[in-house]
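Dear colleague,

Please find below the structure that I am handing over to you. My notes on what was found in it follow directly after.

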Amino acid sequence: MLEPKIPLCAITDEFSPALAEAIPVFQEIGIAAAELRTIDGKNLLDMSQDDWSAAKDLLDRAGLRVVSIASPVLKCVLPDAPALDERFQHDAFASKHTFEDQPRLAERALEAANFFGAKIVRVFSYWRTVEPERCFDRAAKALESLAALGAREGVTIGLENEHACNIATAVETARVLEAVRHPNLGMIWDPANAMVAGETPFPEGYSRLPKNRIVHVHAKDCHMENGRPVWGPLGTRQVRWKEQIQTLLENRYAGFISLETHWRDAQGALESSRICGWNLRGLAAA
């Protein structure tokens, strides 16, 4: 069996809420690392130290390193901003924190990164408004502050282009990375999110990105119907994953590709993620 040319990672709760159920499928596919978001239906940042210790024990025994903490930081309403863009669903993944909670959440996310040995903490750019450009300066200022916190802890802050947030496309991401040149701020490139936001992610979107600022890549696949995403097995929809992965290799991308399945077939999350995991392995090994 060919080995992936880019190492594979996955968000554990896309397979199962229970780590003990997800881990064997990771091992079956050859996924080398984990990204943590929720465990047993609870957001990682709301879990106790004992819960963290139990999770780390399972991961350590399986030989799975933790690459990224998929935090909900800045996935909240920005006060005194334009109205929210109601086209997009707000997936908070068991997190219902407000703007006032963000400093505490950021510190907790950095604690989690140190505890699990992760070098990336994922963040966002506030829920998308009908005028995202009016939120740009405040989002950039928040990201600058988070990058400074990351530098203090030796962690990279990874801004994900999220279609439901103010920085959704490659064009918007490139602009904010130009504005915030802090070495501890990078980006988590999610081509499918860019597609949902109305951009052609590859090659057009990807071509706009500063390649040296991409620290992590999320993989899921969809096509659009009536302005909404229809998720499907990775590599079978409209995100051009074969070409995207080949170009990442040509650009000497040094991070992981992390599966974020989203699609669910009739057999449920575990089987859907198993299918997508094997598809991703094949694409990354070709």
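Glu111 and Arg108 are both part of helix H3, where they sit 3 residues apart, about one turn of the helix. Helices (H or I, at least four residues) and strands (E, at least two) are DSSP runs, numbered from the N terminus. The model is a predicted one, in which local features need pLDDT of at least 70 and side-chain atom pairs count only at pLDDT 80 or more, while totals for chains, interfaces and linings use all residues. Residues are numbered from 1 along each chain as its sequence is written, and side-chain values use heavy atoms, with hydrogens and water left out.

Side chains of opposite charge can pair when their charged atoms come close. The side chains of Glu111 and Arg108 form a salt bridge (2.8 Å, N to O), a term that requires a side-chain nitrogen of Lys or Arg within 4 Å of a carboxyl oxygen of Asp or Glu. Arg108 is buried because its relative accessible area is 14%, whereas Glu111, at 42%, is partly exposed. Here buried means under 20% relative accessible area, exposed over 50%, and partly exposed in between (1.4 Å probe, protein chains only).

A further salt bridge joins Arg104 and Asp101 (3.9 Å, N to O). Arg104 has 45% relative accessibility and so counts as partly exposed; Asp101, at 22%, also counts as partly exposed. The count of salt bridges comes to 21.

The 15 residues of H3 should span 21 Å at 1.5 Å a residue, and its end C-alpha atoms are 21 Å apart, which agrees. The expected span is 1.5 Å times one less than the number of residues. Among the buried residues of H3 are Leu105, Ala109 and Phe116. Just after H3, Gly117 takes a positive phi of about 80°.

**The second largest pocket**

Which helices each supply at least two residues of the lining of this pocket? They are H3 (102–116) and H4 (136–153), and H4 gives the largest share, 5 residues. By class, the lining has 8 nonpolar, 2 polar and 2 charged residues. Ala, Val, Leu, Ile, Met, Phe, Trp, Tyr, Cys and Pro count as nonpolar, Asp, Glu, Lys and Arg as charged, and the others, Gly among them, as polar.

Yours sincerely
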